[in-house]
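Subject: Two-chain model for you

Hello,

Here is the structure I said I would pass on. Please have a look at it first; my notes follow below.

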Amino acid sequence: MLYFYKGLVYVVGRWNNIVTFDVCYSKDEKVIPNVVSSWGTVYAHRAYLVKSLEGEPWLVKKFIGYPNLVDGDDDRIIHGSGTKRFEMYKLELDLQSGKLIQMLKLDSLGDNVLFLGDSDSLSLSASYFSNCLQKDSIYYTDDF
Amino acid sequence: MEVDWRNLEALPLNLIFDKLVERMDHIYFSVVCKNWYTIAKVNYQNHQIKINVLPMLLIPTKRKCRTKRGLYGISSNTIYHFQLQVPYNKRFCGSSGWLAKVEYSKATTIITLLNPFKKLVSIPLPPIYMLDIDRRRENCECNVHKVILSTNPTIRPHDYVVVTIYSMRNCHAFIKAGQKNWTYIDYNYYCFTDVIFL
């Protein structure tokens with residue numbers, strides 16, 4: 001059977017772990033993916049992959065806050081205190097080998113406005129939607 | 001001079017269509033008449049539409065109806081009167097204009113692809129095998145974290161691929177259109193939260 005879709009799938013995790021696999025060449029029931037980036041030491045509550053307006057793959061990490069418990073504090077109930085911040089990286093990938101060339105940290109979203117949640121991650125143009133979207137912003141599901 | 005709105009030329013109709021940034025407005029546009037519908041259809045077959053339209057938010061209805069959900073539009077900051085037959089008490093993820101309904105019963109997890117705008121179309125996927133599911137929990141459906149499609153099954157009914165992030169370990173698996181079994185990615189790779197097709 002011939003499939004139109006030819007390409008790689010990238011999957012990203014909470015520990016900066018990224019793997020890739022090719023859906024075209026799998027015949028077995030179980031697939032071992034190729035490691036693009038191995039487990040790091042910094043935990044992000046969520047990591048998202050989104051194609052920027054220029055078509056570049058971006059990795060966005062969402063960090064949540066935890067309360068600072070001081071010794072002797074009566075209030076011991078621990079609640080996360082919501083989304084604290086995001087970090088954005090541009091992934092430079094060699095699509096032939098699937099390998100990561102480098103990961104560049106971004107200071108600004110440029111014209112990108114991001115939508116992140118349980119569905120497809122999406123980037124839209126801030127200038128095109130200047131009437132309804134806020135520039136340099138991330139719209140996200142506050143799932144914590 | 002009387003304007004024959006129904007038989008407007010493609011050029012002005014496309015200009016009008018381009019100005020609409022909300023999907024709901026595309027629907028209103030396409031029910032005007034056959035000519036307007038054709039313009040909307042052609043625009044939807046064009047890939048450009050993806051970046052020129054705002055995503056809408058599926059929200060509970062005012063009365064928290066169990067069988068329906070409402071739609072919120074960002075540009076107009078309004079809740080549309082239009083309601084979709086999307087159960088409020090079921091787990092859903094979305095991708096490529098489709099919804100993935102997740103159901104858990106009799107120790108089996110089933111994902112069904114639905115298009116909320118096409119009532120009669122649904123694509124049931126084979127059961128997905130979960131090694132680590134905690135059956136005591138009521139919300140086992142939430143063990144399917146993401147369901148991402150490579151492309152819209154309406155446009156390429158035989159060519160799409162579905163990738164899911166599932167189980168408490170956050171592993172991933174995929175299935176191609178028409179396949180009878182999921183292909184599971186090695187269980188030793190886990191803790192994933194998102195997927196992209198490049």
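**Chain A**

In chain A, 43% of the contacts with a separation of 6 or more are between residues 24 or more positions apart. Two residues are in contact if their C-beta atoms, placed from the backbone, lie within 7 Å.

Some ground rules. This is a predicted model: local features need pLDDT of at least 70, side-chain atom pairs count only at pLDDT 80 or more, and totals for chains, interfaces and linings use all residues. Residues are numbered from 1 along each chain as its sequence is written, while chains are lettered from A and ligands numbered from 1 in the order in which they are written.

Chain A has eleven strands and zero helices. Helices (H or I, at least four residues) and strands (E, at least two) are DSSP runs, numbered from the N terminus. Along the sequence the pattern is β-β-β-β-β-β-β-β-β-β-β. Chain A has 144 residues, and 28% of them are buried. Buried requires 20 or more other C-beta atoms within 10 Å of the residue's own; exposed is 12 or fewer, and partly exposed is in between, with C-beta atoms placed from the backbone.

One residue to look at is A:Gly98. It sits in the loop between β7 (83–94) and β8 (99–106) of chain A. A:Gly98 counts as partly exposed because it has 19 C-beta neighbours inside 10 Å. Setting aside neighbours within four places in sequence, A:Gly98 contacts A:Leu8, A:Thr20, A:Asn34 and A:Val36. A:Pro57 is 41 residues away along the chain, and its C-alpha atom is 12 Å from that of A:Gly98.

**Chain B**

Chain B has three helices and twelve strands. Its C-alpha atoms fill a box of roughly 70 × 40 × 25 Å along the principal axes. Of its 198 residues, 32% count as buried. Among contacts in chain B between residues at least 6 apart in sequence, 38% join residues at least 24 apart.

Three strands of chain B form an open sheet, in the order β1-β2-β3, with antiparallel pairing. Strands pair if DSSP finds at least two bridges between them. β1 (57–60) and β3 of chain B are the edge strands, each pairing on one side only. From one strand to the next, the twist averages 40 degrees. Axes here are lines fitted to C-alpha atoms, for helices over the stretch in contact, and angles run from 0 to 180 degrees between N-to-C directions. Five bridges join β2 (residues 69–73) of chain B to β3(B). B:Arg69 has B:Leu84 in β3(B) as its bridge partner.

**Where the chains meet**

The interface involves 36 residues of chain B, in contact with 41 residues of chain A. On the chain B side, β12(B) gives the most, with six residues. By class, that side has 19 nonpolar, eleven polar and six charged residues. Ala, Val, Leu, Ile, Met, Phe, Trp, Tyr, Cys and Pro count as nonpolar, Asp, Glu, Lys and Arg as charged, and the others, Gly among them, as polar.

Strand β1 (residues 8–13) of chain A runs antiparallel to β12(B), joined by five bridges. There, A:Val12 stands opposite B:Asp194.

**Confidence**

The model scores ipTM 0.85 and pTM 0.86. Chain B has a mean pLDDT of 87, and 93% of its residues reach 70 or more. pLDDT is the predictor's confidence in each residue, from 0 to 100. Among the elements of chain B, β3 (residues 78–84) has the lowest mean pLDDT (83) and β9(B) the highest (95).

Best wishes
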